[in-house]
Amino acid sequence: MQSLDIVKTAVKAIDSKKGEDIEVIGITDLTVLTDYFVIATATSSTQVKAISDEVEYKLDLLGAEAHHIEGRNTSWVCLDYNSVVIHIFHKQQREFYSLERLWEDGEILDTAKLLED
């Protein structure tokens with residue numbers, strides 16, 4: 001499965017569970033860690049869990065298995081699919097860690113276009 005397919009599926013899953021402020025940052029040229037970060041906000045810890053469960057479920061249906069999942073039942077869940085790392089944050093954690101600022105040199109993808117496909 002291609003990295004962009006994982007990104008599109010994750011973005012659609014996040015959107016289906018009412019995730020907010022979805023951002024996709026291409027970081028292939030900046031690091032060897034991964035190709036993309038998907039970052040989204042949830043309004044409660046319950047929603048963080050619901051979104052992360054939905055992302056995992058939708059990607060599992062496509063045969064993509066998470067390499068590692070960190071933070072289950074917390075206010076920040078990180079789903080590592082090797083070429084794509086998905087971060088689901090509670091609003092306060094997202095503001096505090098500000099991953100978008102740390103990776104601001106990356107390529108910002110248009111999430112509206114990703115939702116159309």
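1. Basis. This is a predicted model, in which local features need pLDDT of at least 70, side-chain atom pairs count only at pLDDT 80 or more, and totals for chains, interfaces and linings use all residues. Residues are numbered from 1 along each chain as its sequence is written, and side-chain values use heavy atoms, with hydrogens and water left out.

2. Cavity. The structure holds 1 cavity of 30 Å³ or more. A cavity here is a set of points, on a 1 Å grid over the protein atoms alone, where a 1.4 Å probe fits but cannot get out. Grid points are joined across faces, edges and corners, and the volume is the space filled by probe spheres set on the points. For the largest cavity that volume is about 30 Å³.

3. Lining. The residues lining the largest cavity are Lys49, Ser52, Asp53, Arg72, Asn73 and Val77; a lining residue has an atom within 4 Å of a point. By class there are 3 charged, 2 polar and 1 nonpolar. Asp, Glu, Lys and Arg count as charged; Ala, Val, Leu, Ile, Met, Phe, Trp, Tyr, Cys and Pro as nonpolar; the others, Gly among them, as polar. Helix H2 (residues 45-61) gives the most to this lining, with 3 residues. Helices are DSSP runs of H or I with at least four residues, strands are E runs of at least two, and both are numbered from the N terminus.

4. The structure holds 5 salt bridges, each a side-chain nitrogen of Lys or Arg within 4 Å of a carboxyl oxygen of Asp or Glu. Lys49 pairs with Asp53, with the closest N and O atoms 2.8 Å apart. These two are separated by about one helical turn because they are 4 residues apart in helix H2. Both line the largest cavity. Lys49 is partly exposed at 36% relative accessible area, and Asp53 is partly exposed at 30%. Buried means under 20% relative accessible area, exposed over 50%, and partly exposed in between (1.4 Å probe, protein chains only).

5. A second pair in the helix. Glu54 bridges to Lys58, the closest N and O atoms being 3.9 Å apart. The spacing is again 4 residues within helix H2, about one turn. Glu54 is buried at 16%, whereas Lys58 is partly exposed at 32%.

6. Buried bridge. Arg94 and Glu100 meet in a salt bridge of 2.3 Å, N to O. Both residues are buried. Salt bridges with shared partners join Glu23, Arg94 and Glu100 into one network.

7. His87. This residue sits in strand S5 (residues 84-90). His87 is buried, with 6% relative accessibility. Its side chain makes a polar contact of 3.2 Å with that of Trp76. Such a contact is a pair of N or O atoms within 3.5 Å; within protein, one must be able to donate a hydrogen and the other to accept it, and residues adjacent in sequence count only if both atoms are side-chain atoms. Beyond four places in sequence, His87 is in contact (heavy atoms within 4.5 Å) with residues including Phe37, Ile39, Val77 and Leu99.

8. Positive phi. Most residues other than glycine have a negative phi. Lys18 has a positive phi of about 65°. Lys18 lies in the loop between helix H1 (3-16) and strand S1 (20-26) and is exposed at 62%. Ser98 has a positive phi near 45°. Its loop runs between helix H3 (91-97) and helix H4 (99-102). Ser98 is buried, at 17%.

How values were computed: 1 Å grid on protein atoms, 1.4 Å probe; cavity = no way out; pocket = protein on both sides within 12 Å on 5 of 7 lines; lining within 4 Å.
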